[in-house]
Amino acid sequence: MADIGFDGKVAIITGAGGGLGREHALELARRGARIVVNDLGGSVSGDGGDVGPAQAVVQEIVALGGEAVADTNSVATPEGGEAIVKSAVDAFGTVDIVVNNAGILRDKSFQNLDQAMIEAVIQVHLLGAFYVTQPAYRIMREKGYGRIVSTSSNSGILGNFGQSNYGAAKMGLVGLTRVLAIEGRKHNIKANAIAPVALTRMTEDMFGDVGQALDPGLVSPLVAYLSSEACEVSGEVYSAAGGIISRFFIGLTPGYYNPKLTAEDIAENLAEIRDDAGYTVPRDNNDEIKKIVSTIQGADEG
Ligand code: NAI
């Protein structure tokens, strides 16, 4: 297997002043990418701001012999997103890779969540990915090359108490990724999502003893693969935790068909509807439509 290198490719990594984003920035820089280290330098809840973290990571990259610039715009506004992409174009002439990693937490059980907590989290994670990726995507589309990696979470894919705002935003990124993969296909733009589990300031009290094994640096090989030319997949979601890599997927059970369906039929046939024996993993929504058509036509013919 040839080494995975980036040969001067330009990568924007949001929220790269610490935690996972810093590791991704260092990993891609070591492999030859030129990096925009974006980070507004706030707290875990997104308050405050500091140019220090982004600049410190730039210095680390330069000390390794790499190339990087710091950017402290917020991903959470359209102007911020445009400015981040402009930083890449001004410094390096283009953008090839976007890693949507910036994130904050405002955890609260659903009944106690206020409007500000809902909006702040969705703005950074979900809208932030739109604001940064869209201007970058236009450049990628024009030149026929791009890689987009968005940071989802098992809190959205699987659910987690107290994280309805965060979980909804993180699952929203899966939808964005799937559509970008379809729209980007003929322009050689690949979009994938990751669901990391790693010990960072965001998770410092969560893992107990096993935390030591959850080195954020062990998520970065996945980001390097997915943002490289060698990446063979698009529209997929991978879990990365302490060196374990797995694929999350959305499966469809064979289901139950009754053209005269009633609510009572559903209650009576729930076990068959839910039975995952023989499930399929539709590639896109057309794939599901084909299955629907073939079930209906098959029954008509039978
Ligand atoms: P972190 O708090 O160290 O990193 C997040 C970074 O994003 C911070 O440096 C912060 O300053 C920056 N940031 C926040 N709002 C920003 C904004 N508006 N514009 C630019 N930068 C902003 O935490 P960690 O763990 O490294 O998180 C990275 C990503 O991974 C986040 O999206 C998080 O939700 C996600 N994640 C982390 C998991 C973990 O186990 N650590 C689990 C699942 C997802």
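How many bridges join strand β1 to β4? There are 3, and the two strands run parallel. Two strands pair here if DSSP finds at least two bridges between them.

Some ground rules. This is a predicted model: local features need pLDDT of at least 70, side-chain atom pairs count only at pLDDT 80 or more, and totals for chains, interfaces and linings use all residues. Residues are numbered from 1 along each chain as its sequence is written, and side-chain values use heavy atoms, with hydrogens and water left out. Helices (H or I, at least four residues) and strands (E, at least two) are DSSP runs, numbered from the N terminus.

Back to the strands. β1 covers residues 10–13, and β4 covers residues 97–100. Ile 13 stands opposite Val 99 in β4. On to β5, residues 146–151: β4 pairs with β5 over 4 bridges, again in the parallel sense. Val 98 has Ile 148 in β5 as its bridge partner.

Now the faces of β4. In a regular strand the side chains alternate between the two faces of the sheet. Ile 97 and Val 99 sit on one side, Val 98 and Asn 100 on the other, and all are buried. Buried means under 20% relative accessible area, exposed over 50%, partly exposed in between (1.4 Å probe, protein chains only).

Last, backbone angles. Most residues other than glycine have a negative phi. Asp 7 has a positive phi of about 45 degrees. Asp 7 lies in the segment before β1 and is exposed, at 75% relative accessible area. Asn 188 has a positive phi too, about 60 degrees. Asn 188 lies in the loop between α6 and β6 and is partly exposed, at 33%.
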